[in-house]
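Student: Can you walk me through this protein? I have the sequence and the structure open.

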Amino acid sequence: MNGTEHSSGDMLLSEEQADAAPAPGILGPLAPEDRARVEAHGRRIAYERGQAIFRQGDAHDGVMLIQRGLVRSFYAAPQGREITLAYWRPGAFVGGPDVFGGGRHIWAAEAARPTEALHLPGAGLRALAREVPDLALGIIDALAYKARCYSSLAQMLGTRSLGERLAHVLLHMMQIHGAPDDDPAKGVAIAASFTHAEIAALIGSTRQWVTISLNRLQKDGVLSQRRGVLRILKPDAILALASGGDRQG
């Protein structure tokens with residue numbers, strides 16, 4: 001898979017359903033010869049699940065363009081608590097905002113699944129952006145998308161209850177990974193393998209709280225959990241929770 005393809009949207013905490021669409025790919029607008037030129041500037045690196053791509057505080061050195069797998073970006077507080085900023089899929093990059101290098105990373109990124117990424121060093125990327133206007137535009141579009149995502153994340157953490165945040169994540173999972181059943185009574189199946197701990201880190205909660213909340217929703221007939229598949233039985237109920245219908249948490 002090259003850097004312009006997308007398997008599906010990225011996973012993040014946002015009120016805007018449009019943010020569930022794939023992140024703009026910085027290579028997407030390029031002519032084939034320009035794309036080959038940019039890719040030749042980079043170096044492909046494979047990561048095992050859980051392996052650090054860069055650490056908070058590391059010096060910036062360009063960006064990592066995801067080609068295969070799944071990358072989690074996260075912030076670690078001095079006390080050790082982590083909050084997930086987003087899960088990024090093929091086509092997106094991690095390593096902003098200083099994409100041309102300089103400064104230090106203000107958060108970290110790790111491979112959430114086995115991942116392959118194309119490292120584009122900052123100095124060369126700056127030179128290429130000067131010479132390939134569509135590359136510069138792609139970088140601007142991608143940075144604007146990330147700015148909207150992180151702004152929405154801050155708003156959600158500051159103004160929404162835990163129950164509302166969980167509902168928004170479930171809505172995003174439905175939009176990105178959902179597969180409606182031929183039988184409407186069976187709802188929408190979500191086959192994405194996000195654990196309760198991963199969801200908790202995304203909404204700023206604990207694994208125990210997420211487990212209890214999902215079990216309560218299952219008891220109320222809103223969803224079901226079986227054999228690794230989460231099935232939303234009452235999407236309208238999830239939408240109502242996301243809109244403030246449940247102030248728990």
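Tutor: We can go from the whole chain to the sheet and then to a helix pair. This is a predicted model: local features need pLDDT of at least 70, side-chain atom pairs count only at pLDDT 80 or more, and totals for chains, interfaces and linings use all residues. Residues are numbered from 1 along each chain as its sequence is written, and side-chain values use heavy atoms, without hydrogens and water.

Student: How many helices and strands are there in the protein?

Tutor: The protein has 7 helices and 13 strands. These are DSSP runs numbered from the N terminus, with at least four residues (H or I) for a helix and at least two (E) for a strand.

Student: What share of the residues is buried?

Tutor: Of the 249 residues, 48% are buried, meaning under 20% relative accessible area (1.4 Å probe, protein chains only).

Student: OK, the sheet. What is the strand order?

Tutor: The order is β1-β6-β5-β8-β3, an open sheet of 5 strands with antiparallel pairing. Two strands pair if DSSP finds at least two bridges between them. The edge strands, β1 (11-12) and β3 (52-54), each pair on one side only.

Student: What stands opposite Met 11?

Tutor: Tyr 87 in β6. Strands β1 and β6 (residues 82-88) are joined by 2 bridges.

Student: New topic: at what angle do α1 and α2 pack?

Tutor: Helix α1 (residues 32-41) and helix α2 (residues 122-131) pack at about 165°, with axes 10 Å apart. The axes are lines fitted to C-alpha atoms over the stretch in contact, and angles run from 0 to 180 degrees between N-to-C directions.

Student: So are they parallel or antiparallel?

Tutor: Roughly antiparallel, a label for angles over 145 degrees.

Technical notes: Buried means under 20% relative accessible area, exposed over 50%, partly exposed in between (1.4 Å probe, protein chains only). Angles under 35 degrees count as roughly parallel, over 145 as roughly antiparallel, 65 to 115 as roughly perpendicular and the rest as oblique.
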